[in-house]
Amino acid sequence: MIIVLRPDATEKQVNHLVAKIKSLGLKPWVSKGVERTIIGVIGEEDIIRVQPLEVFPGVERVLQILKPYKLASRDFKKEDSVIDVGGGVKVGSKKLVVMAGPCSVESEKLLIDIARKVKKAGATVLRGGAFKPRTSPYAFQGLGVQGLKYLAQAKKETGLRIITELMDIRDLDTVLKYTDIIQIGARNMQNFNLLKEVGKTKRPVLLKRGMANTIKELLMSAEYVLSEGNFSVILCERGIRTFEDATRFTLDITAVPVIKNLSHLPVVVDPSHATGKWGLVGPCAKAGIAAGADGLIIEVHPKPEEAMSDGEQSLVPANFEKLMKEIEKIAEAIGRTL
Ligand code: PEP
Ligand code: MN
């Protein structure tokens, strides 16, 4: 950590800071320049991170050298993490993973029909929400446990792995019975108690970036899961809220290479929620893969106009199939496979 002092900082203020740093068992390294003084702090940065050093008289800025997340960082693990979600499906390897399915599980028949179609097109994981985080309490909230049972049936019939959202700690044991990947939605990215609980399991977690959260905050949330012992975390860029209103959210494509530089965890892109418009899903999915994402999570519905949620951003199976063929070509161009 480096503490930059104000140009008018007094000797007394510098000494006061130095004494504080020493009292914490850390080593201050004072460098007096012509313009101003800076203090380098050597030692366990965590000890000092929680101290409100900015409020000390004479301090202008405090710069952190080490990242606040450790286990999620590239410094901790140089090689890319590959998350085994079972059934031979691994996220983060050369082979891309595409998760596809309806926004909400609606009926067994419809789910199995979608599952068969997305599998045929090359998806290896079936998505579908049984517990839905809806903006309106009057909107369809999901089928709950019945929806989980339909997912299990679809898995039995197709062999696809399952991803479904967990919204509430009270449903953890139930969701664990049915899912291969626990999805933590954007709205729960900073539900720290929920993160700690999924961290205590060994089940792979797909952690979606909150719509108003920075990449650093996403990695700090991942750290919650990792620090409980669960290293099977997949990050997901699903669009953030900006001033742009042409799309539902703004897909932060830059997040993909930025996260790849900062962390060893795999990243997938959700072009469905990022755009909110089915016609934009393809271009953004392709951009995500070209930018280095390890996979995609895409909403597919045979009758989007009748979907109980997110129909406007759902691809019909034929368009999903077409997109998969295009993605295959991009994968090939960047040395990956689908
Ligand atoms: C979803 O995947 O259906 C969903 C609600 O996503 P998000 O949490 O990204 O809004
Ligand atoms: Mn949705």
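Mentor: The shell around ligand 1 comprises 3 nonpolar, 3 polar and 7 charged residues (Asp, Glu, Lys and Arg count as charged; Ala, Val, Leu, Ile, Met, Phe, Trp, Tyr, Cys and Pro as nonpolar; the others, Gly among them, as polar). This is a predicted model, in which local features need pLDDT of at least 70 and side-chain atom pairs pLDDT 80 or more, while totals for chains, interfaces and linings use all residues. Residues are numbered from 1 along each chain as written, chains are lettered from A and ligands numbered from 1 in written order, and side-chain values use heavy atoms, without hydrogens and water.

Of the 13 residues around ligand 1, R127, A186, R187, K208 and R238 come nearest (near: a heavy atom within 4 Å). Oxygen atoms of ligand 1 lie 2.8 Å from an N or O atom in the side chain of R127, 2.8 Å from a polar side-chain atom of K208 and 2.6 Å from one of R238. The protein covers 97% of the 290 Å² of accessible area that ligand 1 has on its own (Shrake-Rupley method, 1.4 Å probe).

Turning to ligand 2, the manganese ion is coordinated by C103 (SG), H273 (NE2), E299 (OE) and D310 (OD), at 2.0 to 2.4 Å (donors are N, O and S atoms within 2.8 Å of the metal, or 3.2 Å for Na, K and Ca). C103, in the loop between β7 (97-101) and α3 (108-121), and H273, in helix α9 (residues 271-275), are 170 residues apart (DSSP runs: helices, H or I, of at least four residues; strands, E, of at least two).

How values were computed
A polar contact is a pair of N or O atoms within 3.5 Å; within protein, one must be able to donate a hydrogen and the other to accept it, and residues adjacent in sequence count only if both atoms are side-chain atoms.
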